[in-house]
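Here's a quick briefing to read alongside the coordinates. Grab your viewer and follow along.

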Amino acid sequence: MEKDTDKTPGTFGIYTRYSEQGASSRLRYYLFKKAFNAVSTDNYFHPFFDDAYLKQLYSGKGKSKTAFFFALTKRLYQVVFPEKHLLLEYELIPFMPAAVDLFFIGKRKFVLNFDDLVWEKYKNIPFLKTKYDKLIQKAAGVIVANHLLFDKVKKLNSNVILIPTVVDLEKYPRVPPIDRQPLTAAWIGTPVTYKECFLPFASIWQKLCKETGLKFKIIARNDLPDIPGVDMEKVNWTQDTEAQQLSECDFGIMPLCDDDFSRGKSAYKLIQYAACGLPAAASPVGENSRFITHGENGFLASSAEEWLSAVQALESLSCRKRMSDAMQKKAFDYSLQKYIPVMAEFLQHCFS
C-alpha cells in the first residue's frame, strides 16, 4: 500500500490490476500520481497482483492459480477500507459478477479506466460477459485509452473521456537519425505480447532480413525464442533503460493481428517511438491507423510486400529525418505533460 499526500481533503483508493512493474497499471495509474494528489489528501494504491506474480508470468511459467486466490483474498480485505472515492482498473474484483463489485462499492463514487478491449476476456463466460457494461452504467465516469473504447463506452455512460496511454517526455531523449546500414528495427513489449504479436509475423521478418539485411532489437526478455533467419538482439526490459534502448534503433515496428482484441488496443509502442523521434512501420489495425499517417510519420503495412516497401523507404536517411520530425511533433499530444491536468480535472468533476 502506497500513500501520497496533498492539501485536498478526502481519501482516494486506486485499485490497479498490477504493481508498478505491470505496464498497464504503471502507465495509466502510477504515472499519474500528481493528478491524483489534486483529488485527495490521501491516495492509496491497491494492486491486485504483486511483483512475484508478474515475475512468474513474464518468465514464461504461466499464470499461478495459487497467486490468484491469494490476490483475491487480499483484495476482499482491501475493499472494506473506508475510502471515499475509487478509481478501478477495469473492475474491482476479477472473475466476480458485477453485482459483487457493486455490493462492495456500496454508495461510494467510482471511476473506471480501460486501455484494452477486456470484454473479450469474459465473452464466453455467461455470468461475466455483461459485467463491464453494468459497471460502466453505474460509474461516475469512465476513462478510455482509444477511440474504439470511447465509442463503445459512450453508448453506456455519457461521462467518458479519452486519455491515451502516455509517455513522460522527460524520460525519452531524442537521438537524430544517422546514416548507417543495415538498419535496426525496435520492438518493445512483454514476453506475452512477443508470442502473440511478434512471432505470428515470423515469415515476414525472415523476408525482410533476407532482402534488406535488417536487424531487430527485441526489448522484452533476453531468452525469448529465436526465429530462424532473423537477426535479433534480445535485451531485458527495464523501466530505467527502455528509452535508451529505443534510441539506439533506427525505427520502430508495431505488428498486430487483425482480431477484435487487437482492434481495441492502444498504439502505445508507436507513442514510445514518437517520444524518441523514431519513424514507425505498423499494421493498419485499430488505433495504429489513427496514429500513423502513411508516408508522413511512418508506414502502414499488411502484406510482406508492404512491409518490405516500408523498410526500403526507411533506408533513406532523408526519409527517416522527415518522419522523425513528424513523430516528435506528435509526441506531445500523447504525453504525461499534457494529460496530468486533464486527468485531475476529470476526476475532480466525477467526484464532486
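Rings of Phe, Tyr and Trp (its six-membered ring) count as a pair if their centres lie within 6.5 Å; planes under 30 degrees apart are called stacked, over 60 edge-to-face, and the rest tilted. By that rule, ring pairs join Tyr18, Phe48, Phe49, Tyr53, Phe68, Phe69, Tyr90, Phe95, Phe114, Trp119, Tyr122 and Tyr132 into a cluster.

Some housekeeping: this is a predicted model, so local features need pLDDT of at least 70 and side-chain atom pairs count only at pLDDT 80 or more, while totals for chains, interfaces and linings use all residues. Residues are numbered from 1 along each chain as its sequence is written, and side-chain values use heavy atoms, with hydrogens and water left out.

**Rings and charges**

- The structure holds 27 aromatic pairs.
- One of them is Phe103 with Phe104, an edge-to-face pair at 5.3 Å centre to centre with 80 degrees between the planes.
- Phe103 is exposed, with a relative accessible area of 64%, while Phe104 is partly exposed at 26%. (Buried means under 20% relative accessible area, exposed over 50%, and partly exposed in between, using a 1.4 Å probe and protein chains only.)
- (Helices, H or I and at least four residues, and strands, E and at least two, are DSSP runs numbered from the N terminus.)
- Trp205 counts as buried because its relative accessibility is 0%, and Trp307 is buried at 0% too.
- Lys33 has its charged end over Phe45, 5.8 Å from the ring centre, and Lys152 lies over the face of Trp119 at 5.0 Å.

- A nonpolar core is a set of buried Ala, Val, Leu, Ile, Met, Phe, Trp, Tyr and Cys residues joined through side-chain atoms within 4.5 Å. The largest one has 36 residues, and Leu88, Leu112, Phe114, Trp119 and Val142 have the most contacts inside it.
- Another core lies apart from it, with 32 residues, among them Leu208, Trp307, Leu314 and Met323.
- In soluble globular proteins, nonpolar side chains tend to be buried together.
- Strand β6 (residues 141-144) is covered on both faces: Gly141 and Ile143 are buried on one side, Val142 and Val144 on the other.
- In a regular strand the side chains alternate between the two faces of the sheet.
- β6 pairs in the parallel sense with β5 (residues 109-114) over 4 bridges and with β7 over 3 bridges. (Strands pair if DSSP finds at least two bridges between them.)
- Across these pairings, Phe114 stands opposite Val144 in β6, and Val142 stands opposite Val160 in β7.
- Contact means heavy atoms within 4.5 Å. Beyond four places in sequence, Val142 touches residues including Leu112, Phe114, Ile136, Val153 and Phe346.

- Ile253 lies in strand β11 (residues 251-254) and counts as buried because its relative accessibility is 2%.
- Leaving out neighbours within four places in sequence, the contacts of Ile253 include Trp187, Phe198, Trp205, Phe216, Tyr273 and Trp307.
- Helix α16 (residues 317-331) has 15 residues and spans 21 Å from first C-alpha to last, close to the expected 21 Å. (The expected span is 1.5 Å times one less than the number of residues.)
- Buried in α16 are Cys319, Arg320, Met323, Ser324, Ala326, Met327 and Ala331. Their cover includes α13 (268-276), β12 (280-282), α14 (288-291), β13 (298-300) and α15.

- Most residues other than glycine have a negative phi, and most peptide bonds are trans.
- Tyr90 has a positive phi near 75 degrees; this residue is in the loop between β4 (85-89) and α5 (98-105) and is buried at 5% relative accessibility.
- Phe95 has a positive phi near 65 degrees; Phe95 is also in the loop between β4 and α5, but is partly exposed at 38%.
- The peptide bond from Gln181 to Pro182 is cis, with omega near -5 degrees. Pro182 lies in the loop between β7 (160-162) and β8 (184-188).

Terms used. A charge sits over a ring if NZ of Lys or CZ of Arg is within 6 Å of the ring centre and within 35 degrees of the ring normal.
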